[in-house]
Amino acid sequence: MKNKKRNYVIVVLVVLLLALAVGYAAFSDTLNITGTANAKGTFDMKFTSATIDTATAKGINTTESTATISGDNNTVTVVVKDLAYPGAGTNVTVVAKNAGTVPAKLNGLTFTGIDDTDIKVTFPDGLVKNEVVQPGGTCTITFSVKWDKESKLTTEKTIEFTAKLDYVQETEEFTGTPAHSDANNA
């Protein structure tokens with residue numbers, strides 16, 4: 001009888017040990033994935049030309065007005081000399097090139113150095129917001145610099161400011177959906 005009890009206890013212990021082993025295996029699945037992710041591409045918009053439209057300019061010194069690209073091609077300095085009266089102004093045309101390998105979406109231009117509230121900078125003809133410039137492509141932007149015709153001041157003005165491109169990366173985002181299938185329960 002003692003042997004029977006002992007055999008019974010051994011069988012129960014073996015069954016429990018097997019159950020623990022199967023349970024541990026079921027709950028300790030580990031998936032190791034190894035690999036290398038490479039990010040490639042450059043993101044670079046540059047000004048390639050900038051000009052004052054002297055043909056349509058009114059009431060400015062067209063000889064001394066300039067639009068000059070910086071050494072790094074990231075900004076344009078605009079000088080409009082001797083605005084003679086309220087309503088005087090000119091157009092400035094810049095060409096930007098996507099010198100990178102990633103498409104760029106234009107948000108506009110940002111201007112610094114325009115502290116005079118009588119001077120207005122507007123986009124009459126050119127900038128299409130959210131325009132995408134593909135790698136190697138160009139975009140022409142024309143903006144106006146004008147002494148506000150409603151201004152009460154009558155003293156001749158000279159304005160100098162810088163323009164910089166405002167752009168962001170334009171690429172398609174991966175929208176994968178994680179999934180799982182259990183081959184054992186199919």
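Let's start with an open sheet of four strands, whose order is β1-β4-β8-β6 and whose pairing is antiparallel. What you see here is a predicted model. At the edges of the sheet stand β1 (45-52) and β6 (119-122); each has a single partner strand, so one side of each is left without a neighbour in the sheet. If you follow the strands across, neighbours are turned against each other by 25° on average, direction ignored.

Next, turn to the aromatic rings. The structure holds four aromatic pairs. One of them joins F111 and F161 in an edge-to-face arrangement, with 5.6 Å centre to centre and 75° between the planes. The label edge-to-face applies because planes over 60 degrees apart count that way. Where do the two residues of this pair lie? F111 belongs to strand β5 (residues 104-112) and F161 to strand β9 (residues 157-169), so their pair ties together parts that are 50 residues apart in sequence.

How exposed or buried are these two partners? F111 is partly exposed, with a relative accessible area of 24%, while F161 counts as buried at 2% relative accessibility.

Methods: Residues numbered from 1 in each chain as written. Predicted model: local features only at pLDDT ≥ 70, side-chain atom pairs only at ≥ 80, totals over all residues. Heavy atoms only, no water. Phe/Tyr/Trp six-rings, centres within 6.5 Å; stacked < 30°, edge-to-face > 60°. Buried < 20%, exposed > 50% of the residue type's maximum accessible area, 1.4 Å probe, protein only. Pairing = 2+ DSSP bridges. Axes fitted to C-alpha atoms, helices over the stretch in contact; angles between N-to-C directions.
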